[in-house]
Amino acid sequence: MPELVVQQRGGYRRMSLLETRKLTKMFGGLCAVNQLDLQISPGEIHGLIGPNGSGKTTTLNLLSGLYQPTEGKIYFNGVDITSKKPHERTRIGIARTFQTLQLFDDLTVLDNVMIGRHCRTKAGIAAAGFRTRRMQVEEQETRLYAMELLDVVGLKSRALTLAGNLPYGEQRMLEIGRALATEPRVLLVDEPAAGLNPTEIRTLIGFFRHLKAKGVTVLLIEHRMEVIMQVCDLITVLDYGGKIAAGSPKEIQNDVK
């Protein structure tokens, strides 16, 4: 088992919580991700940018277990998780949102977040069927936890609203809230600002700053550069599936290659 990778950058030491080594994904003759080395440190908001088709979402699909790599390895806290399934990665602390919303539209906002909490509950099918005391206590604890998260994402007043009736921007925040309900150590977020208006984007920037202040580790895919530049500690740039640049927002802005 490899140790947490310690890198030297900008005068300080970085330890990788989530890391890829020579990560590669082929679809037939198309190389969607090519020999990608990526290191994400605890408490860091790490931006992943690049043109359409550069391999960003494929990278998230590999990290979350939806795809298996053609080559390469994925390590989480120093442990090889390359072969782990999506639900196993959720349990160890990797959660994600999707570029296309994946909500339960006919359930309430509260129910959507409570479903996200399911991986942390312990009551089994029998307990649920017989409505045991333990199950009822756990359900109440889950409800309270979900309400706290809705307050964090600004949707507490919408708790009993059907998810499908929310405005688009609030649906985006709900999906993030549901991912946070799994208590992730790393949150993978795919284009949260897509389709948002300027007011909603400012709210989103404030929300990611709040996550940063709480020490939440985030890998963020985003095309809106005002979001990336204002919230990210480090940025990796992809093109044709490969890494072409990496550094701080200032370093990326000044990179003339």
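**Reading the sheets in a predicted model**

Mentor: Keep in mind that this is a predicted model. Let's start with an open sheet of 6 strands, ordered 8-9-10-5-11-12, with mixed pairing.

Trainee: Which strands stand at the edges of that sheet?

Mentor: Look for strands with a single partner. Here they are strand 8 (94-96) and strand 12 (242-247), so one side of each has no neighbour in the sheet. On average, neighbouring strands are turned by 20 degrees against each other, direction ignored.

Trainee: What holds strands together in a sheet?

Mentor: Strands pair through backbone hydrogen bonds, either parallel or antiparallel. Take strand 8 and strand 9 (residues 186-190): they pair in the parallel sense, over 3 bridges. Zoom in and you'll find R96 with its bridge partner L188 in strand 9.

Trainee: Okay, and which helices pack on this sheet, touching strand 8 and strand 9?

Mentor: Helix 1 (residues 56-64) touches strands 8 and 9, along with strand 5 (45-49), strand 10 (217-221) and strand 11 (234-239). Its direction makes about 150 degrees with that of strand 9. Helix 6 (residues 168-180) packs on the sheet too, touching strand 8 and strand 9, at about 155 degrees to strand 9.

Trainee: What about the sheet with the order 4-3-6-7?

Mentor: That's an open sheet of 4 strands with antiparallel pairing. Its edge strands, strand 4 (30-40) and strand 7 (79-80), each pair on one side only. Inside it, strand 3 (residues 18-27) and strand 6 (residues 71-76) run antiparallel, joined by 5 bridges. E19 stands opposite Y75 of strand 6.

Trainee: Which helix packs on that one?

Mentor: Helix 1, touching strand 3, strand 4 and strand 6. The direction of helix 1 makes about 115 degrees with that of strand 3.

Key:
Residues numbered from 1 in each chain as written. Predicted model: local features only at pLDDT ≥ 70, side-chain atom pairs only at ≥ 80, totals over all residues. Heavy atoms only, no water. Pairing = 2+ DSSP bridges. Helix = DSSP H or I, 4+ residues; strand = E, 2+ residues; numbered from the N terminus. Axes fitted to C-alpha atoms, helices over the stretch in contact; angles between N-to-C directions. Contact = heavy atoms within 4.5 Å.
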